[in-house]
Amino acid sequence: MISIHPTNTPTTSSSILEVSELCVTFQVRGTEAVRAVDGVSFTVRPGETLGVVGESGSGKSVTSLAILGLLPKRGVKVSGSIRLDGKELLDAPEKELQAIRGRRAAMVFQDPMTSLNPVLTIGRQITEVLLRHKVCTMADAPQRAADLLDRVGIPEPRRRLGNYPHQLSGGMRQRVMIAMALACEPAVLIADEPTTALDVTIQAQVLELLKELVAGSDTALVLITHDLGVVAGMCNRVHVMYNGRIVESGERHVLFAHPRHHYTRGLLGSVPRLDMVGSALTPIPGSPRDTIAWSEGCSFAPRCGAVTETCLGAAPSLEPTEEGCLVRCVNPATHEQSLWGGR
Amino acid sequence: MFKFILRRLLLLIPILLGLSFLLFVWVRALPGGPATALLGERATPERIAEVNRLYGFDQPVLEQYLRYLSRIIRFDFGQSITLRRDVTEEMLRRFPATIELSAAAMVFAVGVGVPLGFVAAKRERTWVDNGAVIASLVGVSVPVFFLAQILKMVFAERLGWLPSIGRLEPVRELQAHTNFNLIDSLIEFDRGAFVDTVKHLLLPGLALGTIPLAIIARITRASVMEVLNEDYVRTARAKGMSRRVVNRRHVLRNALLPIVTVVGLQTGLLLSGAVLTERVFAWGGIGGLIGGAVLDKDYPVIQGGVMFIAVVFVLVNLVVDVLYAVIDPRIRVH
Amino acid sequence: MATVQEHLQSLMGARAVESTGSSLGREAFRRLRANRIAVIGASIMLFFVVVAILAPWLAPHDPRVNTWFDQIRPASIPGPSGDHWFGLDESGRDELSRIIFGARSSLVIGIVSLAIGAVFGLLLGVLAGGLGGRIDALIMRVTDVLLAVPSLLLALSVAAVMGQSRTAVMVAVAVPNVPLFARLLRSSMLAERQKDYVSAAVSVGIPRRRLVLGHILPNSVGPMIVQGTLALATAVIDAAALSFLGLGSADPTVPEWGRMLANAQKYTNVAPHLAIFPGVVIMITALGFNLFGEALREALDPKLRR
């Protein structure tokens, strides 16, 4: 399996985050080993927004946890390479990782209702990260925290510092999470399904907020989601993951215009579109459980409408397409077939 | 917060009323009636009739109850049949001994139990954890009076390392100010007495505290294990907080809630276990008094003792409730 | 196409067919059998019951007969020997036989007191949980009061009133169980009532009594059984505590573990075996019930992902 960068990446920009051949295997005693992430490679440049799309079980969340070193130690094997600004993270000692987390790389989690400590005030939870990374003095910390709350759009920030999480709504709590993550101005911000647990109306607001906050700064945003709608509005480049591997990747508008992998096409096909009123939605048949191991062929084969004999036997590798994307498929849709928007 | 405490204190009243009612009924359930409760079984019929008249036991029940209530409120439980002393006075004299013993046992149980449970939770499925689970199950199964006897047998009688009975060596004289020997010896600057008190506290405290220790360790382990899986612990780690800070500020503070509840409940176990332990070590507290009273059929003492201990138990649980609200801000809203 | 599909099927067919959900009970039973702790606990429990039932046939001698009184000297009481595996007690009786018959006494007291306590407690609990409203509030007040007194003291006061008899101990030990079972059943039922299937049933018109008796109660049974097992352990210990303090059967020759322990106090220097045997036996018996009860609790907990 070759790891190739998208050919349209200007070779002059250096990446802030380089993930190379990342493999994460879970092994609980007595059961089979599960390869949640199976040879994933990608890079992120400063200031860009990267989207990672996939269903649950595709390995996208595990990838993000692996980057920050938040996977449990027991029963988990991680191999490959993760370099943040040139520094290798995978074999770094815990003390160094602790200095990096929250400071150079930060994360926003999915469920704001459970991701905040219920017995500490909001202010404390923000100042705690400021003080730990020595970003400011103890005297300045409350003001900095209030400024952060203001930046993420929370009204009356000074008063809110003394509030407890249960006194805030879901949307506000997620804003607090974002404030905590950006407190030390990290180089990379990973957002793992940041809006999935929120009401639809709040979702748009929070995404707008994220977009605003990283615009014009060097902070790279890695947006992990199962929702293509989220990706469409926000990301420069997109990776589509299936069963632990990247199956398609490329620049956002190119990918959306010409999805070549049948899984990506399936994902797009199951999204309702305003300009196609009246036509039926085509969901992807089967479920994520109807899968075969990559060692036996293409994992998506059981659900793929275009499956051929060559799809079984060995895993396809990532190959470049004429539009400049990468696709992992021996029988992808042709350029003409893949044109989206003209069905 | 103040309103919270006040409201909880008010809730105490129906419980105490209910308790007094139960005891009222209880006394009248005795063979021979309430007069026997005051005089003992060997009372002559004349004495009984006299007492009935005196205390109004031949009056309508409601009147009796009200009179009884007025006595209880003034903490008047009558006279001990065997000791011929005022029950309340005797209780107050002996109470500090039981408190001292219970407090020592609780300090032991919490001081060892919580760290033990914490370590077991962090090292789930290792031998430390499995050992702790088994040890705590064994700890819960040991009868406290057996443990007390074994400890006494081994450490006091066989090895002679520690004294076997009493709170102080009989030859020692300690001026009784508060009846808390630890405090009194400090007041008197009597270092020898202090050390001696501690030596006497060790075995009974160990015996009494072992079962609560087992339970506290178990609940700590369960609670910490649950908290370790919570999302906010992951958030704290993702912020780069050091392990020690995560443990203290995020894990422990949230795990504390059920632990505090259990500690409150365990004081009940301590207070009742004191009855047994004090018997073995001839401790001289309320427990021993009640234990003896049961056989002597000294009903005023039993009545007074039960009421006393119940009040303490309820008050301790009130403190636990308040602590709960202090630890968990979500509870304060009510 | 056909061959590709067949090929796919053969690749996917290697996965085992998932079993359709088995009932909680069967699942629990399976987990229990595999759990070593449960097996140890159950064996101890079984052993205890068997010894208690077969006491007259297992005990080598009559526990109340002090034939060997002449072997007692002021400074020595015979310990374990070939004739008397557990030695003699302070009156010259065979200790082993006394322990065996003591098991019988403990078993009877334990079971009867548990039955009494559970029946009354569950009754109160069902009323509180099923009827709700004022009755619920009243019952809760009563349990509050009962729970305000530590359980041993509660048992002590009841026993003090009823005098010196085995029945007194049985009733006394039963009393603290009443509020525990009442509370447990009530909270189980309340939790069940919140569940969606109840609202669905009510909306379809199922009468309340059928709902409570036929659906809510059976689903609340699990925690009761766990509590019952653990309560047996407490009953054995509490009964022993009461007889240690002097309550219990009026006849001093009747063997009761607690009383044996109390009598042994005076002789710990010359005859430690008198204190060790009854104490260890109480401990092991209680341990058996506790081990099994805890294993049962884990097995029945649907949340536990093992």
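Select helix H11 (residues 208-244) and helix H12 (residues 257-264) of chain C in this predicted model. Where the two helices meet, their axes come within 7 Å and cross at roughly 45 degrees. Angles under 35 degrees count as roughly parallel, and 65 to 115 as roughly perpendicular; H11(C) and H12(C) are therefore oblique to each other. Two packed helices are described by the angle between their axes and the distance between the axes. The crossing also has a hand: H11(C) passes H12(C) in a right-handed manner.

Next, display the side chains at this crossing. On H11(C), select Ala239(C), Ala240(C), Ala241(C), Leu242(C), Ser243(C) and Phe244(C). Their partners on H12(C) are Trp257(C), Gly258(C), Arg259(C), Leu261(C) and Ala262(C).

Now turn to chain A and show it as a cartoon. How many helices and strands are there in chain A? The chain holds ten helices and twelve strands. The radius of gyration of chain A is 21 Å, close to the 20 Å that the globule rule gives for 343 residues, so chain A is as compact as a globular protein of that length.

Finally, consider the interior of chain A. Buried residues make up 47% of its 343 residues. Among contacts in chain A with a separation of 6 or more, 65% join residues 24 or more positions apart.

Methods
Residues are numbered from 1 along each chain as its sequence is written. Chains are lettered from A and ligands numbered from 1 in the order in which they are written. This is a predicted model: local features need pLDDT of at least 70, side-chain atom pairs count only at pLDDT 80 or more; totals for chains, interfaces and linings use all residues. Helices (H or I, at least four residues) and strands (E, at least two) are DSSP runs, numbered from the N terminus. The radius of gyration is taken over C-alpha atoms; the globule rule is 2.2 Å times the number of residues to the power 0.38. A residue is buried if 20 or more other C-beta atoms lie within 10 Å of its own, exposed if 12 or fewer, and partly exposed in between; C-beta atoms are placed from the backbone. Two residues are in contact if their C-beta atoms, placed from the backbone, lie within 7 Å. Axes are lines fitted to C-alpha atoms, for helices over the stretch in contact, and angles run from 0 to 180 degrees between N-to-C directions. Angles under 35 degrees count as roughly parallel, over 145 as roughly antiparallel, 65 to 115 as roughly perpendicular and the rest as oblique. A crossing is left-handed if the near helix is turned anticlockwise from the far one by less than a right angle, and right-handed if clockwise.
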